[in-house]
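Here is a brief report on the model shown below. It goes from the whole chain to single residues.

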Amino acid sequence: MKLVFVLILFLVLNQIDAHIVQPLVMGQQVNIHPVMVIVTFLVMGKLFGLIGVLLAVPAAAIIVTLIDEFALKSETEVPPT
């Protein structure tokens, strides 16, 4: 009976960690919304398999950084008169 309880508890806590805690922590560390982290995992995993899952968050962080840099530069640049 204890074995079944421990297995169920392990599975529940593992799922909470994998689907809630890890996306929140990764999102805060790389400044990406947690939903974007999950979507990035799903898309990159579907496209590139295990390698895609491993590279999903770094690739998303690079893309978000590039978008932020180009968006900030285009907003702050003054057009020539």
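## Surface and fold

The protein has an accessible surface of about 6,800 Å², and carbon and sulfur atoms hold 76% of that. Accessible areas come from the Shrake-Rupley method with a 1.4 Å probe; for residues, only the protein chains shown count as cover.

This is a predicted model: local features need pLDDT of at least 70, side-chain atom pairs count only at pLDDT 80 or more, and totals for chains, interfaces and linings use all residues. Residues are numbered from 1 along each chain as its sequence is written, and side-chain values use heavy atoms, without hydrogens and water.

The protein has two helices and zero strands. Both terms denote DSSP runs, numbered from the N terminus: helices are H or I, at least four residues; strands are E, at least two.

## Burial and core

Of the 81 residues, 14% count as buried. Buried means under 20% relative accessible area, exposed over 50%, partly exposed in between (1.4 Å probe, protein chains only).

Ile-32, Val-37, Val-57, Ala-60 and Ala-61 make up the largest nonpolar core. Such a core is a set of buried Ala, Val, Leu, Ile, Met, Phe, Trp, Tyr and Cys residues joined through side-chain atoms within 4.5 Å.

## Two residues

Val-4 lies in helix H1 (residues 2-30). Its relative accessibility is 47%, so Val-4 counts as partly exposed.

Met-44 lies in helix H2 (residues 34-76). Met-44 counts as buried because its relative accessibility is 17%. Met-44 and Val-57 are 13 residues apart in sequence and 9.3 Å apart in space, C-alpha to C-alpha.
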